[in-house]
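This briefing covers one structure, shown below.

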Amino acid sequence: MTAYLLKRLAISLATLVLASIVVFAVLEILPGDPARLMLGMNASADQVELLRNQMGLNAPLLLRYLHWAGGLLSLDFGRSYTYSVPVIDLVRERLAVSLPLALIALALSTVIAIPVGLFSASRRGRAGDTISMGAAQLGVAVPNFWFALMLIYVFAVWLRLVPAGGFPGWSAGIWPALKSLLLPAVALALPQAAILARVTRSALIEVLNEDYIRTARAKGLPYRAVLWRHALRNAMIPVLTILGLQFAFLLAGTIIIENVFYLPGLGRLVFQAITQRDLIVVESVVMLLVAAVIAVNLVVDLSYAVVDPRLRSRQ
Amino acid sequence: MSLLEIENLSLTIGDTQILKGMELSVAPGEVMGLVGESGSGKSMTALTVMRLLPYAARASGRVSFDGIDILAATEDQMCALRGDDVGMVFQEPMTALNPVKTIGEQVAEGIRWHTKATRAGAEERARRMLDRVGLPQAKFPLSRYPHELSGGQRQRVVIAIACALKPKLLIADEPTTALDVVLQAQILDLLRDLVAESRMGLLLISHDLAVVTEMADRITILRRGEVMEAGDTARTLSEQLHPYTRQLAQASTHVPARARPHDTSQGKPLLQVEGVTRDYPGRRTSLFKRAVPIRAVDDVSLSMQPGQSVALVGRSGCGKSTLARMILALDKPSSGAIRFRGETTTGKSEAELKPARRDMQVVFQDPYGSFDPRQKVEKLVAEPLHVLDKKPTRAERREMVAHALHEVGLDQRDMDKYPHEFSGGQRQRLSIARAIITRPKLVVADEPVSALDVSIRAQILDLFAELNQKLGIAYLFITHDLTVARAITDQVLVMHDGKIVERGKTNEVLDHPQSEAAKALVAAAPDLHRAIARRMQEQG
């Protein structure tokens with residue numbers, strides 16, 4: 001187990017270093033001089049040169065990479081060209097929205113998908129299965145912004161239970177903040193849950209054909225107990241894989257939903273930074289997401305080992 | 001009073017009739033053997049008693065167990081019976097246990113479910129049961145996972161699960177088919193003891209007449225869902241009144257007619273294996289220590305003459321298949337040399353191996369798993385032709401495939417069919433056709449008949465013998481089944497722990513084994529005639 005853990009950790013670190021090199025290199029290759037961008041078109045060549053020296057842009061490539069990577073490690077991401085504030089402050093502010101949103105959506109998706117998958121698999125080919133898988137098909141097909149609009153219409157406009165958009169900030173209290181994240185989380189979770197339910201169902205159906213399910217039935221366990229005790233855990237591996245991918249998506253891929261609900265999330269930050277050529281922000285957020293995805297993958301790999309003892313003893 | 005009474009049981013799945021007017025009974029303390037070929041409905045009979053039939057199955061007739069009408073019982077009643085009064089052991093021990101649960105959990109689970117015992121109480125009973133089936137605490141604590149056990153050990157766990165609550169009836173569906181003969185003998189002994197201990201009824205299902213004869217008091221012979229003959233084992237099998245019984249008995253002891261092999265001691269050997277060793281990297285126990293390699297094949301030397309038929313016998317895990325893979329140049333020896341037709345094959349590139357590949361082919365055990373189900377027979381059988389120097393034209397290819405199919409007794413029109421349209425025996429003919437299409441000098445056959453029913457296996461053995469005579473192909477048969485070795489080979493090599501421990505003429509070695517390993521194999525091998533004789537003697 002320790003060997004497995006150490007190996008996974010080492011691979012994750014190596015991936016992170018490699019990704020940082022790629023991100024750094026891409027931004028080096030991209031045309032455009034940050035110093036000139038900051039000073040504007042009218043600046044003289046001397047002024048630009050001065051700023052370049054100040055920003056350390058004239059140092060050798062390797063040195064600049066190390067400086068940048070070192071900055072990342074100490075959470076010093078540099079200053080945004082457009083907002084003129086430390087990037088870390090921007091990111092922190094946005095993460096306070098995006099991270100809870102992603103976690104709530106992920107939890108919702110799991111809580112919906114796994115029971116639906118179990119239900120469907122246990123009634124394979126019968127009406128209940130057809131109906132829930134039809135609903136799941138719809139969930140995959142319908143875009144999440146449409147869900148979002150419907151949710152706003154029903155819960156915000158009609159029932160007036162939650163605000164239609166915006167984010168009051170955590171300083172306004174936990175409940176008001178959570179309330180404004182609820183609808184977006186549901187809108188994000190529904191399509192994810194639909195995918196996850198289908199994956200859960202097919203993984204379960206495969207497992208239910210295994211010999212050990214018959215052994216468990218021959219012990220006298222009722223079908224339902226076999227499903228929960230024997231089938232579910234064996235079907236978890238594909239489900240965990242999809243969950244990991246979904247978390248990465250939910251962190252960064254939520255720009256449409258953020259726009260629908262006027263949420264100041266990470267997705268909107270990146271979008272704005274790209275349109276304004278605020279490359280240092282783009283660079284930092286990309287690195288942050290890379291780190292998050294790698295961390296999630298590490299967690300997924302470790303949870304494989306928790307679920308399946310065969311992975312623990314192998315290396 | 002019978003424990004289990006099956007009367008006029010009929011079973012259909014969809015439109016297919018599986019059982020027709022089936023009759024069978026088991027008394028307490030009695031071993032009933034249920035024999036039949038694949039598809040005869042043996043397993044479905046067992047699943048009917050357990051009421052674990054597929055969703056689409058419909059049963060009619062009467063099945064009563066201990067006074068309970070099984071076919072009319074509610075699911076709750078059945079759950080109370082299963083695992084408590086009726087236990088079941090399955091054929092495939094490798095997949096019968098849940099890989100993510102410890103053996104302790106799996107044995108204790110049924111105990112807890114039925115007796116409402118505490119976790120500790122159930123685990124203690126599970127511990128005693130595992131001790132009883134030969135898995136002692138010291139080496140097999142409850143915290144072991146199935147993947148840490150071998151096939152035979154896993155089957156012991158399955159038996160422990162089935163017998164944990166001292167059932168009145170145990171159903172064992174081919175419990176030893178997937179195991180080698182020595183393990184088979186051990187598991188059969190264990191079952192026999194468990195029956196004697198608690199007067200448990202045992203319904204033993206097998207396609208192996210010899211195994212059933214050794215174990216069963218009475219026997220029921222099933223064919224295509226109908227009972228052909230039933231009665232006392234010794235009498236049924238010694239009198240062989242029913243033609244099907246006779247057919248089965250003859251097929252299971254079938255020896256193909258073979259002309260005596262020509263004197264092959266002269267001339268250049270076809271295959272020479274010299275001091276071959278194969279090490280696999282072992283598991284690391286610590287980050288700082290080098291892993292100790294596992295020696296699968298240990299300094300093996302052998303030689304084969306053209307046209308010679310040699311058996312390589314040994315228990316599972318003894319290194320037979322690793323050796324065969326090296327002979328086929330599919331794996332590289334760690335040391336030693338292999339020469340085929342006088343040329344070294346070790347350390348050659350794929351391109352250099354091409355001529356050698358043409359002259360050696362392989363037949364695998366599983367006729368179901370060794371074909372791509374989406375390809376037509378023509379393409380499947382023609383597969384080895386890519387090792388020819390000149391690519392044959394389509395017409396030439398069809399001609400060669402037709403010829404090969406003809407030689408294995410199939411019709412040339414079969415080449416436009418898909419594998420699922422063939423029965424198991426026909427599929428094994430297809431793999432033989434595939435093996436001989438390049439006119440090889442050597443065919444390596446890895447347990448080529450162990451997945452087949454006795455009558456089909458007799459036909460396939462005949463086919464092997466015929467091709468050996470007609471085409472002069474040398475065979476290396478890898479098997480743990482001594483009847484196969486005896487039926488079809490001239491020479492035998494006995495392998496144990498990676499070494500060849502005994503070699504010689506097949507009959508001499510099998511009649512008078514010298515090494516411990518060979519003696520164990522011979523003693524454990526079920527033999528129909530010997531079993532009948534012993535039964536007759538016991539009954540006087």
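What distance separates the centres of domain 1 of chain A and domain 2 of chain A? Taken over C-alpha atoms, the two centres are 40 Å apart. This is a predicted model, in which local features need pLDDT of at least 70, side-chain atom pairs count only at pLDDT 80 or more, and totals for chains, interfaces and linings use all residues. Residues are numbered from 1 along each chain as its sequence is written, while chains are lettered from A and ligands numbered from 1 in the order in which they are written.

**Chain A**
- Domain 1 spans 32-74 and domain 2 spans 87-313; such bounds come from an automatic or database domain assignment.
- Chain A has 15 helices and zero strands, counted as DSSP runs (helices: H or I, at least four residues; strands: E, at least two) numbered from the N terminus.
- Along the principal axes, its C-alpha atoms fill a box of roughly 85 × 55 × 35 Å.
- Of its 315 residues, 32% count as buried (20 or more other C-beta atoms within 10 Å of the residue's own; exposed means 12 or fewer, partly exposed in between; C-beta atoms are placed from the backbone).
- Ala225(A) lies in helix H10 (residues 223-234) of chain A and counts as partly exposed because it has 16 C-beta neighbours inside 10 Å.

**Contact between chains A and B**
- In all, 21 residues of chain A are in contact with 26 residues of chain B, contact meaning C-beta atoms, placed from the backbone, within 7 Å.
- H9(A) gives the most to the chain A side, with seven residues.
- That side has eight nonpolar, five polar and eight charged residues (nonpolar: Ala, Val, Leu, Ile, Met, Phe, Trp, Tyr, Cys and Pro; charged: Asp, Glu, Lys and Arg; polar: the others, Gly among them).

**Nonpolar core**
- The largest nonpolar core has 231 residues, a core being a set of buried Ala, Val, Leu, Ile, Met, Phe, Trp, Tyr and Cys residues joined through C-beta atoms within 7 Å.
- Helix H8 (residues 174-208) of chain A gives the most to this core, with 15 residues.
- Leu203(B) is among the residues with the most contacts inside the core; beyond four places in sequence, its contacts include Leu4(B), Val26(B) and Ile171(B).

**Hairpin in chain B**
- Strands E19 (residues 491-496) and E20 (residues 499-505) of chain B run antiparallel, joined by six bridges; pairing requires at least two DSSP bridges.
- Val494(B) stands opposite Glu502(B) in E20(B).
- Two residues lie between the strands, and Asp497(B) takes a positive phi near 50 degrees.

Terms used:
Contact = placed C-beta atoms within 7 Å.
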